[in-house]
Amino acid sequence: MFINNFRANRIDLGWLLIMAAIVRLSSVCRRGLHPLIYQNTMLARPLVTPYKHQEKCHLFSARIHTSHTLNASSGSKAASLHWTAERVLSILLLAMGPVAYFHPGPAIDYSLAAALTLHGHWGIGQVLTDYVHGDTKIKIVNAGLFVLSTVTFAGLCYFNYNDVGICKAIALLWSK
């Protein structure tokens, strides 16, 4: 009886996590990616330079790379929170290693699935932000990234439910 209840709860937890990820990703797609990942780090700032023979100043446009903290736009708070969330997730991943080794279980397996997927999503997203240019290309690549992240999370949840789980799989790799 206990094993059947545990298995039923594990099913509910797995599907709940998958549905939560899909709902979260769909809400992000509706709002756009700008609130989560600050993509516009190249700002156009005016550069005033006077000519030697004229008193009149001429305005030129220069592209200056600034960090998120130097930008005073409305998105800087979101970018700062995103940067902090990335660091917190990295620290949590470091802490999950020993916890997963000493206390493997479904909760840790699904937590690792979510954390690893989110960590990979943010990392690949930053690489794509740096190297992909053009509005259409960015939209296509971001859609592909969301599909990749969703499939990764669903695959890890499937592996956790139908096989030994992430923790025990890593332990089996080290034991042989």
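**A guided reading of the predicted model**

Ser149 lies in helix α4, which spans residues 135-162; helices (H or I, at least four residues) and strands (E, at least two) are DSSP runs numbered from the N terminus. The structure is a predicted model, in which local features need pLDDT of at least 70 and side-chain atom pairs count only at pLDDT 80 or more, while totals for chains, interfaces and linings use all residues. Residues are numbered from 1 along each chain as its sequence is written, and side-chain values use heavy atoms, with hydrogens and water left out.

The protein chain contains 5 helices and 2 strands. Along the sequence these elements follow the pattern α-β-β-α-α-α-α. Of its 176 residues, 24% count as buried, where buried means under 20% relative accessible area, exposed over 50%, and partly exposed in between (1.4 Å probe, protein chains only). Contact means heavy atoms within 4.5 Å. Among contacts between residues at least 6 apart in sequence, 57% join residues at least 24 apart.

Leaving aside neighbours within four places in sequence, Ser149 is in contact with Thr117 and His121. The side chain of Ser149 also makes a polar contact, at 2.6 Å, with the side chain of His121. A polar contact is a pair of N or O atoms within 3.5 Å; within protein, one must be able to donate a hydrogen and the other to accept it, and residues adjacent in sequence count only if both atoms are side-chain atoms.

Ser149, Thr117 and His121 all take part in the meeting of α3 with α4. An α-helix has 3.6 residues a turn, so residues three or four places apart point the same way. The two helices pack at an angle of about 160 degrees, with their axes 9 Å apart; axes are lines fitted to C-alpha atoms, for helices over the stretch in contact, and angles run from 0 to 180 degrees between N-to-C directions. That angle makes α3 roughly antiparallel to α4, since angles under 35 degrees count as roughly parallel, over 145 as roughly antiparallel, 65 to 115 as roughly perpendicular and the rest as oblique.

Helix α3 (residues 106-131) also meets helix α2 (residues 76-102); their axes come within 10 Å and cross at roughly 140 degrees. The two are therefore oblique to each other. Among the residues making this contact are Glu86, Leu89 and Leu93 of α2, and Leu112, Trp122 and Gln126 of α3. By class, the contact has 12 nonpolar, 5 polar and 1 charged residues; Ala, Val, Leu, Ile, Met, Phe, Trp, Tyr, Cys and Pro count as nonpolar, Asp, Glu, Lys and Arg as charged, and the others, Gly among them, as polar.

Glu86, found in helix α2, is buried, with a relative accessible area of 14%. Apart from neighbours within four places in sequence, Glu86 is in contact with Trp122 and Gln126. Glu86 and Gly123 are 37 residues apart in sequence and 9.1 Å apart in space, C-alpha to C-alpha.

Helix α5 (residues 166-175) has Ile166, Cys167 and Ala169 as its buried residues. These buried residues pack against α2, α3 and α4.
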